[in-house]
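Please keep the sequence and the model open while reading the points below.

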Amino acid sequence: MSKAHHRPKDPAALRQQLLDSAAQIIATRGLPALTLDKVVKESGISKGGLQHHFATRQALVDGVFETLQDQMRAEIDQEMAREPQAQGRATRAYIRACARLMPDHEQEMNRALMAAMMADPYLRDQWAEFINQLPQDPGDEAISRQRLLCRLAADGMWFAALCGYHTQAPEQRRWVVERLLELAERVK
C-alpha cells in the first residue's frame, strides 16, 4: 500500500507566491484586472489556499501594497546601515532609495499601485502614514526644511521615473542625486 505524496506546507512561501502572482497581474494588466480567480489561476494555488491568506480582494491589494512598503523600508534601512556619517543619514538613504533605477517589472507594478493609490483614499492614507513613519534626521529648523526639500525632490524623481517624464542622461541623473545628497548634509 503506497502513501500519497504530500508536499510540505510552507505558509510563508504560499503567501509570498500569492503576492507575487497578484503583483504580476497588477504590473501587466493593472489593478482593476486583479481578481481572486485570476490569482488562483496565475499562482496554481487553490481558492481555499488563497482565501486562507487573503479573505478578500482588498486584503490581497493591501498585502501587495504592504510588500511595496516593506521593500522600500528594507532598502532605506540597508542604505542607512552603509552610511558612515550620522548627520543626514536617513535623508541620504531616502534619496538613494528613491533615485535608484527600477527594473521594468518593478516600475510597472509601482506605476499601477501608485495609480490605484491616487484613486483610493484608504491606500493614500496608508502610504502617507508609511512615509511619515520613515526615519528622520534630527536637526534645527533650517536643516530640517532643507532635508524636507531633498526628500520632496527625491519623491519627484521617483514619480517622474514611473511616469516616464523628465528623463535624464545617466551623468545628469548622477549630478542631481549628488547635489541632493550634499544638501542633506549642510545648511547654507
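1. The model under discussion is predicted, not determined by experiment. The chain contains nine helices and zero strands. Read from the N terminus, its elements follow the order α-α-α-α-α-α-α-α-α.

2. Extent and surface. The C-alpha trace spans about 80 × 35 × 30 Å along its principal axes. The chain exposes about 11200 Å², and carbon and sulfur atoms supply 55% of that area. Of the 188 residues in the chain, 40% are buried.

3. Contacts across the sequence. Consider the contacts between residues at least 6 apart in sequence: 69% of them join residues at least 24 apart.

4. In soluble globular proteins, nonpolar side chains tend to be buried together. Here the largest nonpolar core has 49 residues, and Leu34 and Trp127 are the ones with the most contacts inside it. The elements that contribute two or more residues to this core are α1, α2, α4, α5, α6, α7 (121-132), α8 (141-163) and α9 (170-183).

5. Surroundings of Leu34. Which residues does Leu34 touch, not counting residues up to four places away in sequence? They are Ala22, Ile25, Ile26, Val39, Arg57, Leu60 and Val61.

6. The chain carries 25 positive and 25 negative side chains. The centres of the two sets lie 3 Å apart. The count of salt bridges comes to 12, and the next points take up some of the pairs.

7. The pair Arg29 and Glu42. Arg29 forms a salt bridge with Glu42, with 3.5 Å between the closest N and O atoms. The pair links distant parts of the chain, since Arg29 belongs to helix α1 (residues 11-29) and Glu42 to helix α2 (residues 36-43), 13 residues apart. Arg29 is partly exposed, at a relative accessible area of 46%. Glu42 is likewise partly exposed, at 37%.

8. The pair Glu75 and Arg100. A salt bridge joins Glu75 to Arg100, the closest N and O atoms being 2.6 Å apart. Glu75 lies in helix α4 (residues 57-82), whereas Arg100 is in the loop between α5 (89-99) and α6, so the pair ties together parts that are 25 residues apart in sequence. Arg100, with a relative accessible area of 29%, is partly exposed.

9. A network of charged residues. Glu83, Arg92, Arg96 and Glu185 are linked in a network of salt bridges.

10. Arg15 lies in helix α1 and is partly exposed, with a relative accessible area of 33%. Leaving aside neighbours within four places in sequence, Arg15 is in contact with His53 and Phe54. The C-alpha atoms of Arg15 and His52 are separated by 9.2 Å, while the two residues are 37 residues apart along the chain.

11. Gln107 is buried, since its relative accessible area is 15% and the limit for buried is under 20%. Glu106, at 22% relative accessibility, counts as partly exposed. Beyond neighbours within four places in sequence, Gln107 is in contact with Met102, Ala161 and Leu162. Glu106 and Val177 are 71 residues apart in sequence, and their C-alpha atoms are 21 Å apart in space.

Notes. Residues numbered from 1 in each chain as written. Predicted model: local features only at pLDDT ≥ 70, side-chain atom pairs only at ≥ 80, totals over all residues. Heavy atoms only, no water. Helix = DSSP H or I, 4+ residues; strand = E, 2+ residues; numbered from the N terminus. Buried < 20%, exposed > 50% of the residue type's maximum accessible area, 1.4 Å probe, protein only. Contact = heavy atoms within 4.5 Å. Areas by Shrake-Rupley, 256 points an atom, 1.4 Å probe, with all protein chains shown as cover. Lys, Arg positive; Asp, Glu negative; His and termini not counted. Charge placed at Lys NZ, Arg CZ, Asp CG, Glu CD. Salt bridge = Lys/Arg side-chain N within 4 Å of Asp/Glu carboxyl O. Core = buried A, V, L, I, M, F, W, Y, C linked by side-chain atoms within 4.5 Å.
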